[in-house]
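User: I have a structure here and a few quick things to ask about it. Can we go through them one at a time?

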Amino acid sequence: MAIDMWSLGCIMAELFTGSPLFPGENEAEQLACIMEVLGLPPTQFIQTASRRQKFFDSKGFPKNITSSRGKKRYPDSKDLKMVLKTYDSSFLDFLRRCLVWEPSLRMTPDQALKHAWIHEARNLKPQPRPQILRKPNLCFPSEARKDKVQGHRPVAKKADVVIKEETVDKIKDGTTKQVQNSDDQQGSLQQLAEVVQLPRLAEASGIPEAVVGPEESKTSTRQQSKNPSPKNPRLLPPIV
């Protein structure tokens, strides 16, 4: 039937765009949506309509219709190409032949099967998505956002680690230098001790102080001070 070809055109347009071709809240707005895209119907077609007084005035002009949202629609203010957002001329011609005001002038099912849009060669195989090669050194949006949110904390952490390592190295260098200095001081003191070391001689009995002992050496020095005797040139005075 001719009304089925009209429905076929509306359904194909809705399948293509995902939304109804003529969205209307009621009969009056539905007719306003159709006239918005297809323009005014022929005058003879209007005169044969039984309910023409409800939608048209005596001159055949449509009555002003406002939707519940306050939107007004004007005849022939949109194009089918604009509504479908396509430049496929064959597909647009197929729909225009289905959406004709006069039922006797619409495309029949036999004519639709012979239309060029039906017989066009189409590649129905799904095309694989192209793989995007990413360089490893690129910064992804997620990482950039993290850096912005965290206030570049990773860079600060790296700087802290470097500063800590430098301080540890400085401490290690300082301790090693102190140890070396202490070792050098001890070595120099040992060398001075070896050079300046002199033997202490016992004066009274002519026996070394290590053999006589400290007490005997003290008594001998006291006796020598009381009883002066000729000095022995071989003996040296004790080093204080």
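User: E29, buried or exposed?
Analyst: E29 is buried, because its relative accessibility is 4%, and buried means under 20% relative accessible area with a 1.4 Å probe, protein chains only. This is a predicted model, where local features need pLDDT of at least 70, side-chain atom pairs count only at pLDDT 80 or more, and totals for chains, interfaces and linings use all residues. Residues are numbered from 1 along each chain, and side-chain values use heavy atoms, without hydrogens and water.

User: Where does E29 sit?
Analyst: E29 is in helix α2; helices are DSSP runs of H or I with at least four residues, numbered from the N terminus.

User: What does its side chain reach?
Analyst: The E29 side chain reaches the backbone nitrogen of E25 at 2.9 Å.

User: And which residues is E29 in contact with, neighbours within four places aside?
Analyst: Those are G24, I65, S67 and R73, where contact means heavy atoms within 4.5 Å.

User: Switching to α6. Which residues are buried there?
Analyst: In α6, residues 89-98, the buried ones are S90, F91, L92, F94, L95 and C98.

User: What covers them?
Analyst: The cover includes α1 (2-17), α5 (80-84) and α7 (109-113).

User: Last topic, the lining of the largest pocket. Which helix gives the most?
Analyst: α2 does, with four residues. α3 (43-47) and α4 (52-55) also supply at least two residues each.

User: What's the make-up by class?
Analyst: The lining has 10 nonpolar, two polar and four charged residues. Asp, Glu, Lys and Arg count as charged; Ala, Val, Leu, Ile, Met, Phe, Trp, Tyr, Cys and Pro as nonpolar; the others, Gly among them, as polar.

Note on methods. Buried < 20%, exposed > 50% of the residue type's maximum accessible area, 1.4 Å probe, protein only. Polar contact = N/O pair within 3.5 Å; in protein donor to acceptor, adjacent residues only side chain to side chain.
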